[in-house]
Amino acid sequence: MAALAKTIVATGLSSGIGLEVLKQLLEQATPYRVILGARDIKATSDAVARMQYDKTANAVTVLPVELADLKTVKTFAQQALDSVGGGKIDYLLLNAGMFKPADKASHGKWCEAAVVNHFSQHYLTHLLREKLVASKARIVVVSSGAIRNVEDPATLEERLANGSGADGYSVYAGSKFAQLLGAHWWRRQLKGQCDVVAVSPGLIPNTGLGRGQGFQIPPNLPDAKSVPEGARSVIAALSRSDFPEDPDRIFLTSWGEWWDRHVIAKTLDKELQDKWCPGKEVLERYAGVAS
């Protein structure tokens with residue numbers, strides 16, 4: 001593998017838009033070393049094996065992780081760091097997402113989708129922080145325009161509680177809102193050390209996001225985009241450098257523009273960001289993860 005390969009540690013590249021992101025990355029002239037976490041190792045490894053790419057220039061390592069369980073997130077982080085060794089992490093790509101109602105589950109205070117979409121990936125960033133800072137890495141958070149449907153952030157705690165009964169879309173929008181709060185929080189924490197970018201892949205039918213939940217985006221919507229188009233939007237967030245002067249405008253739209261401040265205004269509350277972005281030790285106590 002070429003010594004100049006860019007290293008990406010990623011979640012959510014095993015299916016849908018994420019798998020298409022991986023495919024497109026491996027087709028580029030720039031070589032990549034991708035370390036990705038997946039729930040189904042065999043299915044993901046088989047999908048990667050079917051891809052046509054230059055295996056002498058690129059490398060893909062699939063490691064196990066169950067994002068609903070922070071214990072496995074810690075193991076994944078350590079295995080990713082071991083795989084990187086003395087090298088850099090150029091990008092942390094947080095693409096994993098779940099669409100699921102807030103049914104009662106064994107996830108403590110928060111529903112499963114809140115853990116997967118926000119808390120677990122926030123925890124992963126904590127675990128990789130030292131290496132990310134040393135690498136001057138870019139952190140890309142794959143968000144959603146659904147965050148605009150959170151009219152009152154004060155309802156998030158009730159909505160995302162384990163067993164709240166909130167429907168899948170309400171939970172998805174709320175957990176993605178919390179995730180965007182996390183992107184802003186990390187941008188503040190890592191100012192001058194790492195770039196943090198949020199990106200929406202757009203309104204995309206046929207991603208599998210709502211599989212098993214009876215939710216589908218109609219393919220005939222005027223703003224609907226294809227899976228390859230969505231993947232290109234995510235990949236663009238890895239390299240865009242035309243950041244607005246306003247440091248809070250970190251959200252890149254699927255049509256290639258930086259969202260105006262008023263669109264994301266509710267996520268700019270620093271007290272709210274702090275509330276939804278617990279420290280590593282707090283998360284470990286919550287999940288019963290040994291330090």
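Colleague: Is Cys-111 buried or exposed?

Modeller: First, the basis: this is a predicted model, in which local features need pLDDT of at least 70 and side-chain atom pairs count only at pLDDT 80 or more, while totals for chains, interfaces and linings use all residues. Residues are numbered from 1 along each chain as its sequence is written, and side-chain values use heavy atoms, without hydrogens and water. Buried means under 20% relative accessible area, exposed over 50%, and partly exposed in between (1.4 Å probe, protein chains only). Cys-111, with a relative accessible area of 0%, is buried.

Colleague: How many disulfides does the structure hold?

Modeller: A disulfide is a covalent bond between the sulfur atoms of two cysteines; the criterion is a pair of cysteine sulfur atoms within 2.5 Å. The structure holds zero disulfides. For Cys-111, the nearest cysteine sulfur belongs to Cys-277 and is 16 Å away. Cys-277 is likewise in no disulfide, the nearest cysteine sulfur being that of Cys-194, 16 Å away. Cys-277 is also buried, at 4% relative accessibility.

Colleague: Which residues have the most contacts inside the largest nonpolar core?

Modeller: A nonpolar core is a set of buried Ala, Val, Leu, Ile, Met, Phe, Trp, Tyr and Cys residues joined through side-chain atoms within 4.5 Å. The largest has 64 residues, and those with the most contacts inside it are Val-9, Leu-92, Leu-124, Leu-132, Ile-139 and Trp-276. Another core, of 32 residues, lies apart from it and includes Val-48 and Ala-231.

Colleague: Leaving aside neighbours within four places in sequence, which residues is Leu-124 in contact with?

Modeller: Contact means heavy atoms within 4.5 Å. On that basis, Leu-124 touches Thr-11, Val-73, Phe-76, Ala-77, Leu-92 and Leu-94.
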